[in-house]
Each structure stands twice: as C-alpha cells, then as structure tokens.
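Please look over the chain shown below before reading this report, which moves from the whole chain to a few of its residues.

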Amino acid sequence: LCARIVAIKAKRQGLRAKIEEGQLRAPVNGTVLRRNRYVGERCGPESPVMTVVEETSARVVVYYPQKSQNIPMPGDNVTLQIPPRAYPLDCVVERVGDSFEPAPGQIARHYSANEQLLPVRMKPVSGSHDDHLRLGAVVTLPRDHSHILSSVPW
C-alpha cells in the first residue's frame, strides 16, 4: 500500500511539472492584442503565440485635418479629454506624421471620404490620468484647443 501511495505521488508530481511546461507567461503586464495561434496548434520557438501591448507603452494618435491651423510640434504639451470622463489627459507630442493620410477605419465616418489627416503621436505625461487610457479608447481635443503652446515658431 505504501509503495502505491509513493507511486501515485510521484506521478502527480510529474503531471504538475508537465502542466507547468505548457504555461505561457508574458514578460510584461499588458493587454492581449491578437492571438497568433489557435488552441492546440503547434508552433516553433521563433513564432509568437500572441501579441501583447505593454501597459506603459500606451500612446495617443490624434488626427488633424489638413486645413487645421493648430497642429502641435514635437515637445509641445497638449491636453486631451477622454469621454465620458471629465479627467484631462496631459500629453507631450513625440512625433508628427511625415505625410497626410486618409482617416483610419475606426474614425473614418467622422470625416469626408477624401479628407486627408496628419497623424500626431503623443505620450501621456506620467502622473496624468493615463490610467484611464485603454487600448482603442477615443480621445478628443478640448473645444478650445487654441491654448496649445508651441515651442517652435510657426
């Protein structure tokens, strides 16, 4: 009886080790953006199982119409709104797009079919309410966004 108990415990320990081998752990905290493999599908060590967006890597892209007069420059501070919350989101402009492009699918309905937009990439300032910024969230400029202070003269 004792030998059988020892054998069952050893088998249980082996099964636990096998289960741990099959667990996947992301190297960062974040949101799963896309699953690249199906359940049970075999994949090699060089192919990703899923795409994860790191929590602290959140960036905002604001699309400015071609006719806009207030396009910020890199280094400028911009305050955005995250509806329906009343919290402002303070951001610093990291990069202004190289060229105008059509509106992405998620926001295309807000623009005319042939309107060209300039993407401006911004990084939330730490300490701002960036914890409310989620993947796919919609941000807006305040109604009076003429207060954008540019460090570069127009």
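Two residues are in contact when they have heavy atoms within 4.5 Å of each other. Among the contacts in this chain between residues at least 6 apart in sequence, 61% join residues at least 24 apart. The model is a predicted one, in which local features need pLDDT of at least 70 and side-chain atom pairs count only at pLDDT 80 or more, while totals for chains, interfaces and linings use all residues. Residues are numbered from 1 along each chain as its sequence is written, and side-chain values use heavy atoms, with hydrogens and water left out.

The chain holds 1 helix and 7 strands, in the order α-β-β-β-β-β-β-β from the N terminus on; helices (H or I, at least four residues) and strands (E, at least two) are DSSP runs, numbered from the N terminus. Of the 154 residues in the chain, 20% are buried, where buried means under 20% relative accessible area, exposed over 50%, and partly exposed in between (1.4 Å probe, protein chains only).

| Residue | Strand | Relative accessibility |
|---|---|---|
| Gln-81 | E4 (residues 77–81) | 23% |
| Val-52 | E2 (residues 50–54) | 32% |

Gln-81 counts as partly exposed because its relative accessibility is 23%, and Val-52 counts as partly exposed because its value is 32%. Although Gln-81 and Pro-142 are 61 residues apart in sequence, they are 6.3 Å apart in space, C-alpha to C-alpha.
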